[in-house]
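I opened the model today to look up its overall form and then a few single residues. My entries follow in the order in which I made them.

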Amino acid sequence: MREVGRVVAITLAELEQAVRPGITTAELDRIAENVIRKLGAVPAFKGYHGYPATICASVNEEVVHGIPGLRKLENGDIISIDVGAVLNGFYGDSARTFPVGDISADARRLLAVTEESLYQGISQAKVGNRISDISHAVQKYVESHGFSVVRDYVGHGIGTAMHEEPQVPNFGPPGRGHRLLPGMTLAIEPMVNMGEYHVKTLADGWTVVTLDGSLSAHFEHTIAITADGPEILTKV
């Protein structure tokens, strides 16, 4: 899990360097696939339930599962890039939202709050806690800053499959759900909207957007529960 987590982390670092006004989301997809394969891994999303690409590239009001294509990024956009890889039968999954050129102060705040909410959730991923302790920490932090957490999509267990039990929501009261045990591996992934939390799926069957058209951000890490606290596996 550490090895495949490193592949995902390196891929996102390469994509961060490539994100700029004028680049297409398809070009970012090609970069990601080349990096993943160069590191000896295989893209986990490509072909998964028929998904056609290596990354999910979700721009502005797109929440998750945006399909890369000919769209050129513009100054002021934000883009959420979700990367998955498989290596030696194990899966890694991570996402980050990047600014494109100069973005608004509100957009910068959305990115900062969403990223910090991920770490607030990770801080509760301790042996003896329960799944919803993670969920509650994310929701409490996000809502204290006036944003909303998406309800329709959640984090998940991960290991020898991309999506395993248990589900890891980003909302709810603490003290519920599975007890966290050493050796568990989870993908924690807050999806945060600037406006209301309601979303819808576009006609392509994949791209999820905010119902009110507001901006959305997405940050994710694969972590391991250890006796010494949570270990982030998708960090370089």
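**Overall form**

I began with the radius of gyration: for 236 residues a compact globule would come near 18 Å, and the protein chain has 16 Å, which agrees. That radius is taken over C-alpha atoms, and the globule rule is 2.2 Å times the number of residues to the power 0.38.

I noted that this is a predicted model, in which local features need pLDDT of at least 70, side-chain atom pairs count only at pLDDT 80 or more, and totals for chains, interfaces and linings use all residues. Residues are numbered from 1 along each chain as its sequence is written, and side-chain values use heavy atoms, with hydrogens and water left out.

I looked up the confidence next, as pLDDT (the predictor's confidence in each residue, from 0 to 100). The mean for the protein chain is 98, and 100% of its residues reach 70 or more.

I listed four helices and 15 strands in the protein chain. Helices (H or I, at least four residues) and strands (E, at least two) are DSSP runs, numbered from the N terminus. Along its principal axes, the C-alpha trace spans about 50 × 40 × 30 Å.

**Burial, contacts and charge**

I found that 53% of the 236 residues count as buried. Buried means under 20% relative accessible area, exposed over 50%, and partly exposed in between (1.4 Å probe, protein chains only). The protein chain exposes about 10100 Å², of which carbon and sulfur atoms supply 49%. These areas come from the Shrake-Rupley method with a 1.4 Å probe; for residues, only the protein chains shown count as cover.

For contacts (heavy atoms within 4.5 Å), I took those with a separation of 6 or more; residues 24 or more positions apart account for 69% of them.

I also checked the charges: the mean positions of the 20 positive and 28 negative ones are 3 Å apart. Lys and Arg count as positive and Asp and Glu as negative, while His and the chain ends are not counted. The place of a charge is NZ of Lys, CZ of Arg, CG of Asp or CD of Glu.

**Two buried residues**

Is threonine 24 buried or exposed? Threonine 24 counts as buried, because its relative accessibility is 10%. I located threonine 24 in the loop between α1 (2-18) and α2 (25-38). Leaving aside neighbours within four places in sequence, threonine 24 is in contact with Gly69, Leu70, Arg71 and Lys72.

Valine 64 is in strand β3 (residues 62-64) and is buried, with a relative accessible area of 4%. With neighbours within four places again set aside, its contacts include Ser58, Met191, Trp206 and His218.

**Backbone entries**

Which residues does a cis peptide bond join? I found one between glutamate 165 and proline 166, with omega about 0 degrees. Proline 166 lies in strand β8.

Histidine 49 is not a glycine, yet has a positive phi of about 55 degrees. I placed histidine 49 in the loop between β1 (42-43) and β2 (55-59), and at 66% relative accessibility it counts as exposed.

Asparagine 88 also has a positive phi, near 55 degrees. Asparagine 88 is in the loop between β4 (78-87) and β5 (90-99) and counts as exposed at 61% relative accessibility.
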